[in-house]
Amino acid sequence: MSEPLPRGVTPDVARGGLPDDLTAGVDFAALDRWPLPPEPDRQAHDAADLLLLDTLAGWIASGHVPGPVAVLEDRHGALTLPLLTAGHDVRVHQDDASAERSLDANLAAWRASGRLGGETGELERTATPEEAARGARTVLLPLPRSIDELDRLSRIVAAAADPGVVLLAGGRDKHMSPRMNAVLGAAFEDVVAGRGRRKARVLTARGPRPGVTPRPPEEADRDVPGVGRLHLVAHAGTFGGAAADPGTRLLLTSLADDPRPPGRAVDLGCGNGLLSVGAARLWPHVTVLATDQSAVAVASTLATARANRVADRVRAVRDDALATWPDGTEECVLLNPPFHDGNAVDPSVAHRLVAAAARVLQPGGRLWCVWNSHLRYRPVLEDLVGPTRQTARDRTFTVTVSERR
């Protein structure tokens, strides 16, 4: 099948502009960010989402046959729902459980309101990005914050998609860098940036390079005071990679001095497994239930637990802010909360996790938390959980333990 446009050319240049077939009349303002907390200045879509859809419309108008269409890491449905409305079948993979819940909620709301109309496309969820990309001729991807994550996903698309695939990766200008072009160029022969619009831009990648292999996980040995040497494993996209972040190290130092370890502890936001495995080492008779909204992080924690021979006492499950946990059932929660939502600094993400921990703790249960001292989380912990005392502090981080009222 011949390519609709020569290499190095995008439809905005070839056509002198982009059609709006996929965005005209779409009520993007009706999308909701739930289950994330509402923020007055945050929407469930951005200029990059609209530019991605208009760029795809330009490719279709130039003769590109779009299906099968895969959407990777759609945050709230701003890419998937307009495609379904236009009658395109869509395969979707989302690493984050919160994004998955958000898309489901917006899909249900659009169906109930009639926004999806009559003849809509079919939605297929996939457990892995490989399944979503397999045989795809079009892949839409909001550019991830992590260069390593972009490398992982671009390799997957290059290896699994149709040889004629058009990968459209869009983001806001302030979060983009030339390194992204280089990463895409390692997996695709042709990478070109489209024209910017409303401080957003789309990178188009075509021509998958032969022999592209999956990105291997990052592995490293780290010495952790009070715990010893740990072997950390982090699949690409895991926050912090295979580093032993200083906040978790400080928290583990406090846990080592705990005179009454629990029978079971929940590691909320387990990442690469450092906190889960460190706690299992410190407390030889304790079971640790690790959870993270990211499937990649869960896989990393399980790999780290195996590497350190505590897999019999560390379980890991994907969950969004303990949404499937019953109230008042846990005696101990461990938390090193993030303070970002995607590329945006957002302390409310941590507040949401603190509230989740408070809900699942039994009366008298304890929340061990480490946080950047300048963020001043103590009033939040006092209000949502209960009496809070400081157990450790250094130049950057504070460790507290809060007891559930």
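The legends below describe close-up views of a predicted model.

**View 1. Helices α8 and α9 and the geometry of their crossing.** Helix α8, spanning residues 246–256, and helix α9, spanning residues 274–282, have axes that come within 10 Å and cross at roughly 20 degrees. Because angles under 35 degrees count as roughly parallel, α8 and α9 are therefore described as roughly parallel to each other. The handedness of the crossing of α8 and α9 is right-handed.

**View 2. Residues in the contact between α8 and α9.** On the α8 side the contact is made by Thr248, Leu251, Leu252, Leu255 and Ala256, while α9 contributes Leu274, Leu275, Gly278, Ala279 and Leu282. By residue class, the contact of α8 with α9 comprises eight nonpolar and two polar residues, with no charged residue taking part.

**View 3. The second largest pocket and the residues nearest its centre.** The space in the second largest pocket amounts to about 280 Å³, and 17 residues line this pocket. Of these lining residues, Glu130, Arg152, Ile156, His235 and Val296 lie nearest the centre of the pocket.

**View 4. Helices and residue classes in the lining of the second largest pocket.** At least two residues of the lining are supplied by each of α5 (129–133), α6 (147–160) and α10 (295–307), and the largest share, three residues, comes from α10. The lining of the second largest pocket divides into ten nonpolar, three polar and four charged residues.

Technical notes: Residues are numbered from 1 along each chain as its sequence is written. This is a predicted model: local features need pLDDT of at least 70, side-chain atom pairs count only at pLDDT 80 or more; totals for chains, interfaces and linings use all residues. Side-chain values use heavy atoms; hydrogens and water are left out. Axes are lines fitted to C-alpha atoms, for helices over the stretch in contact, and angles run from 0 to 180 degrees between N-to-C directions. Helices (H or I, at least four residues) and strands (E, at least two) are DSSP runs, numbered from the N terminus. Angles under 35 degrees count as roughly parallel, over 145 as roughly antiparallel, 65 to 115 as roughly perpendicular and the rest as oblique. A crossing is left-handed if the near helix is turned anticlockwise from the far one by less than a right angle, and right-handed if clockwise. Contact means heavy atoms within 4.5 Å. Ala, Val, Leu, Ile, Met, Phe, Trp, Tyr, Cys and Pro count as nonpolar, Asp, Glu, Lys and Arg as charged, and the others, Gly among them, as polar. On a 1 Å grid over the protein atoms alone, a cavity is a set of points where a 1.4 Å probe fits but cannot get out, and a pocket is an open set with protein on both sides within 12 Å along at least five of seven lines; lining residues have an atom within 4 Å of a point. Grid points are joined across faces, edges and corners, and a volume is the space filled by probe spheres set on the points.
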